[in-house]
2 protein chains.
Amino acid sequence: MSDPLIAAVRTIPDFPEPGVLFKDITPVLDDPALFQEAIERLATPFTAAEVTHIVGIESRGFWFGPTMAARLRAGFVPARKPGKLPFTTLREEYALEYGTDAIEIHADALGTGDRVLIHDDVIATGGTAAATARLVQQTGAEVVGFSFFVELAFLEGREHLPEGVLVRSVLRVE
Amino acid sequence: MSDPLIAAVRTIPDFPEPGVLFKDITPVLDDPALFQEAIERLATPFTAAEVTHIVGIESRGFWFGPTMAARLRAGFVPARKPGKLPFTTLREEYALEYGTDAIEIHADALGTGDRVLIHDDVIATGGTAAATARLVQQTGAEVVGFSFFVELAFLEGREHLPEGVLVRSVLRVE
């Protein structure tokens, strides 16, 4: 039996650059029933984790993140590229294939006692997610999980995430 | 009586450039009760409009847009900056103070018979929202409304939107 949610994800060759098979999740967003199903599968593994906040990573992590937060009765905190957040920020750098990039959150968005689920649409090498975990830890909050829609498992991004933290993805690409 | 939702929006002077008073809505996202209240106020004016899709404008229009879509049992379509969407796109340009910018949607995301609510966190001069309306019309779909969290009314952005379409904002800044 084909899974309608997984079947809706389309593969776009050579985007954003030659050789990459990009997983396009916009058809899932376009269909209210598939979107609701995606939210359930993303959130359900964490319903008992007492999540207080979801941190969603710019910008495709904003597509499911706030609705997951509403589903878990948690707050939503955006992790953004440098210079996009207007208030006092914390920053973490991470390595790219060539050079480095950085990610920021508002310094007052999280604090001690908060239990954070980090969400992005895709985990590739895991660099951004790992940097986001370090950002969360800078605030004194605890990372209790990672939730991705697509996991590019052949890139082994999980290996770069903190040990002992629950990691779940809806679609694993081997 | 102070309105807790409005009170949570904080004003950041001189962001992103000197002289601008930026309305920071991230404290609303951070609080589940305020987020839920924001979704209700954004969506309620359109519950009878038979909205089939919400088009949210990158990237702060992604914060409320998908949850509004879930609330209205509609699909969500991202309008993105050029080059960000992987599939075949439609494009509209719009004027900036100096030069032009453009916005894109997936060509197959909408079509004839669809009834679209356009959402962004803020309407300023209205150029992006008006370009997004033209994009929607390119697909054959109908624009049935505009929903903004903040309206910078002194910039008169509403004047640039199509006539006869319902425009609603939660917080008007005169």
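This is a predicted model: local features need pLDDT of at least 70, side-chain atom pairs count only at pLDDT 80 or more; totals for chains, interfaces and linings use all residues.

Residues are numbered from 1 along each chain as its sequence is written, chains are lettered from A and ligands numbered from 1 in the order in which they are written, and side-chain values use heavy atoms, leaving out hydrogens and water.

**Two helices of chain B**

In chain B, α3 and α4 pack with their axes 10 Å apart, at an angle of about 70°. Helices here are DSSP runs (H or I, at least four residues), numbered from the N terminus, and axes are lines fitted to C-alpha atoms over the stretch in contact, with angles from 0 to 180 degrees between N-to-C directions. The two helices are therefore roughly perpendicular to each other (65 to 115 degrees).

| Helix | Residue range | Residues in the contact |
|---|---|---|
| α3(B) | residues 32-43 | B:Phe35, B:Ala38, B:Ile39, B:Glu40, B:Leu42, B:Ala43 |
| α4(B) | residues 61-71 | B:Trp63, B:Phe64, B:Thr67, B:Met68, B:Arg71 |

**Where the chains meet**

The contact draws 35 residues from chain B and 34 residues from chain A. Together the chains bury about 2700 Å², 58% of it on carbon and sulfur atoms; this is the accessible area (1.4 Å probe) lost on being put together, summed over both parts.

Between the chains there are 2 salt bridges, each a side-chain nitrogen of Lys or Arg within 4 Å of a carboxyl oxygen of Asp or Glu. B:Asp108 forms a salt bridge with A:Arg10, with the closest N and O atoms 2.8 Å apart.

Terms used
Angles under 35 degrees count as roughly parallel, over 145 as roughly antiparallel, 65 to 115 as roughly perpendicular and the rest as oblique. Contact means heavy atoms within 4.5 Å. Buried area is the accessible area (1.4 Å probe) that two parts lose on being put together, summed over both.
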